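Reader: Could you walk me through how to read burial, sheets and pockets in a model like this?

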Amino acid sequence: MASTSRLFSREKQEQCHSRNYFAEQDRLIVRLDQLSRSEEYQQLLAQTEWDLIVVDEAHKMSANYFGNKVNETARFKLGKFLGGITRHYLLMTATPHNGKEEDFQLFMSLLDGDRFYGKFREGAHKVDISDMMRRMVKEELLRFDGKPLFPERCAYTVNYTLSNAEVLLYDQVTDYVRNEMDRADRLEGKRKGTVGFALTQLQRRLASSPQAIYVSLSRRRKKLEARLEELQLEARADVLRENLGEYVVKRQMDLPDDLDDAAEELSAEEYEVVADQVVDQATAAETIPELQAEILILRDLENAAASVVQSRNDRKWEEFSRLLQDEPEMRTADGRRRKIIVFTEHRDTLNYLLLRIRDTLGSEQAVVTIHGSVNRDERRKVQEAFRNDPDVLVLLATDAAGEGVNLQNANLMVNYDLPWNPNRMEQRFGRIHRIGQREVCHLWNLVADQTREGEVFKCLLEKLAVEREALGGRVFNVLGEAFDNISLKDLLIDAIRYGEKPETRARMEQVIGQALDTQHLKDLMSRNALVENHMSLEDLYAIREEMDKAEARKLQPHFISAFFREAFRVVGGELRDRESGRYEVRHVPADVIERDRVIGHTRTPVVKKYERICFDREHRTVYGKPTADLVHPGHPLMAAVTDLVLSSHRSLLKRGAILVDPNDDSVEPRVLFMLDHSVRETPTPSDGTPRDVSRRLQFVEMTADGQAAPAPFARHLDLVPIAPLEAAQVADVLQADWVTQHIEARALAYAVEHLVPEHTQEIASRRERQADKQLAAVRERLVKEIQYWSDRAIRLDMDVRAGKQPRLQPENARRRAEELSARLKQRTAELQAMRHVASGTPNVIGGALIIPAGLLAQRSGVPDFSADAAARARVERVAMQAVLGAEHALGHRTKDVSAEKCGWDITAYIEQAQGLALERHIEVKGRAKGQDTITVTSNEIRHGLNQKDKFVLAVVVVNGESAESVNYIPMPFTQEPDWAEASKNLDLGLLLGRAMEPKVFHG
């Protein structure tokens, strides 16, 4: 999806011709708050419909109850709105449950308002959400081979001791922060929070680095001096004010209402800007003398910080430098330096580290940075360099890189500064601990001894290490929720302000102990599980088989590439080879552009040229080269080219073709039909337009004796056009009665009797299961609500007759019950309709007469053809038996799929100690001793290239009635065939030169 998705921005909306950018795109990525804060964008969205909307971090679309009233946030309202403009709705979150069942059910009502109607009442509203939710815990996810999908993750605490000068500076700045916080407590309104936030940020910069606190103090002092000059000028001009000392310092800044929640509400970039603005300007001073006194203190602190910076005596850097150079995990087994990500909270520390790390590594290009001022395009370039350039070793980042960045090419991370929000720890770790990571992930947290916040972090990390031993890496998944009702930030501020008091330290240890208590963490994990989605081994095998079938039927990259390159040439396009698997389109014909405009397959237009295109997602990015557009069946360029080719040659499909099967030594011709069959949903009362719920290509093969059978889905891929001379040899077959008399009708009749019911029943069964479960849940909820409001109306009637004046009138309760009854009736009708599907009439969209090579050889008078055919059949039979025997001897299960024409002959299943069996797809080629070539079809080559290391070519040398040797060649093909090549001859000697015995191959 991401390959053709566009990123929404205000600029794109303002520049689009239709004045509705949402309507112009069919794949779009938008920030949640961009929509929730803009009625204009929501009005534009209301004019569109979508097949699928996916919301990441969906727990942000929360709501809660205040009494019986729902407090709907702007994000929650947006969630309800989005559910109304999409057919499918996917909400993704790691924390759907905040511990309150009524809030959780409100969140789930975004998916089904009927099923979760009304406020949760204990004992009355039990819900089964197993069909609506999939809960995936990183540590429990396995690949099909039984190995963990995510590797282990390890965290270490690195304690360091401050120098005497650093301790003195720490104490001086902390005293300033504490005193100013005491003064801020006397302020009122929003300003109190703003000043407190500024002082907290200043303390965090003190812990970050000498450079960060020096620059912050210097900037703050200069800003406050500029403010002082302004105020003094205003005071002199104010002749009404007699006492200069009473001139009050007041200034408004453009800031979020709640700075404590700003980190969650704002993007990391916006938060950095706000934090800098507040730290530089917010002050508790209320008079000019107070401001003057604060500036004097800041000058002294600035001088102290400057002397620490100039001494270059930075113990935190020294500890990090030691870790970077001496820790064994920093290098691979062969001594190469591994890539590492270093997170800091502050830009000044980032700039400081940038210079020092480059100096330590002796390379300017070894270190790259991401922070709030790096724009999105530049950020992508930095990520690509870190991922692909072997000379780029260190990524320095603020939390601007903490979300939405995939960096699993690295497995090492350092928190140079620890975040005060525990959720941030998991978000940072998640940059490297994600799907695709193959190595153990290591995280080092730097913590200063002798500091008050350092004591809190030390206690937290020590307890975390203990719980990790008990619960494994899963503890990181609930770290943020463990502190849900206990603010880590408040603990840290208390430690800074009152850390010398024994009761403060005791409370800190108690709170952290309770938050990270083993049972408490287990309860959180259990609560978050919500649904147990464990599958049996039988279910797993069934899913694996279905996935393999789908994979085999899929239009895989090399088949798409072969078709597109020739079709594009036919319509006049120009395609040039560039890097491996990548092409440049220098000219797209005007006919293709016009066809795209007419058919409007997607909202993304075809352009005049493409710098790079590719057909396999692995070729999308090559370091130092333009990113390629992935051409697939849904790409507008592919759609336009396909439609042009079909418009020119569609009649040929119905007219049929004569094709030769070069691998068939029989003499019996066949007719192959390709049919299109759809299964449609029954129109609902609210939507009279039936939609296809499944559409499938089906193949039927007819023989001369009138027999019909389903044909393999890839049957046509090994066939080649017939030559004019060969067509003349079989002209009588074309005129045969069995070919000309009602053969299409017989093929349709077979499909209607056998293939159509199978397809329809498969879809109907799935829909019935879904509808029945939803209907049961909706009825259970709404019936209880109807009973509740009906009973309430009766009780209210009794109150009125008794002379009471209830706040809720009986008629309103009765009306509520009636509305719910109508709602239940309508939803029941919709879900009953969902159970019923209708089969469309299959349509024949193409056909071909298939002439076997054996028939052509017979009619050409090839001498001894029958004997040769029999000999070839014998050799192939012996080869198949030899490979099956070799696999069985190794204890492997096998399945003969040669008749299915799927691109290989045998599927071998190699049992694993854990998980599902490993699969190998074996193409068997038997050759009589003395032969020097083997022939492989284009279909076999493309399947081999698509399946990579899953595909094996088995060459069996046959001597008489027995196999002399069985030879396995892994990944035998390096280049796909040209569009007109039906097969290739390969040198047998060269193949055997890199072959291995089955036992050696399987290891």
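Reader: Is A640 buried or exposed?

Author: Buried means under 20% relative accessible area, exposed over 50%, and partly exposed in between (1.4 Å probe, protein chains only). A640 has 0% relative accessibility, so A640 counts as buried. Keep in mind that this is a predicted model, where local features need pLDDT of at least 70, side-chain atom pairs count only at pLDDT 80 or more, and totals for chains, interfaces and linings use all residues. Residues are numbered from 1 along each chain as its sequence is written, and side-chain values use heavy atoms, with hydrogens and water left out.

Reader: Where does A640 lie, and what does A640 touch?

Author: A640 lies in helix α25 (residues 636–655); helices (H or I, at least four residues) and strands (E, at least two) are DSSP runs, numbered from the N terminus. Contact means heavy atoms within 4.5 Å. Not counting residues up to four places away in sequence, A640 touches V592, R595, D596, I599 and V606. With V592, 48 residues apart along the chain, the C-alpha separation is 5.8 Å.

Reader: How about D389, buried or exposed?

Author: D389 has 12% relative accessibility, so D389 counts as buried. D389 sits in the loop between α15 (376–388) and β10 (394–397). Leaving aside neighbours within four places in sequence, D389 is in contact with K339, E384 and Y623.

Reader: What is the strand order in the open sheet of four strands?

Author: Two strands pair if DSSP finds at least two bridges between them. Here the order is β13-β14-β15-β16, with mixed pairing. β13 (574–577) and β16 (629–630) are at the edges with a single partner strand each, so one side of each has no neighbour in the sheet. β15 (residues 610–614) pairs with β16 in the parallel sense over two bridges, and I613 has D629 in β16 as its bridge partner.

Reader: Last one: which residues lie nearest the centre of the second largest pocket?

Author: On a 1 Å grid over the protein atoms alone, a pocket is an open set of points where a 1.4 Å probe fits, with protein on both sides within 12 Å along at least five of seven lines; lining residues have an atom within 4 Å of a point. In this pocket, N663, D664, D665, E876 and K901 lie nearest the centre, out of 43 lining residues. α32 gives the largest share of the lining, eleven residues.
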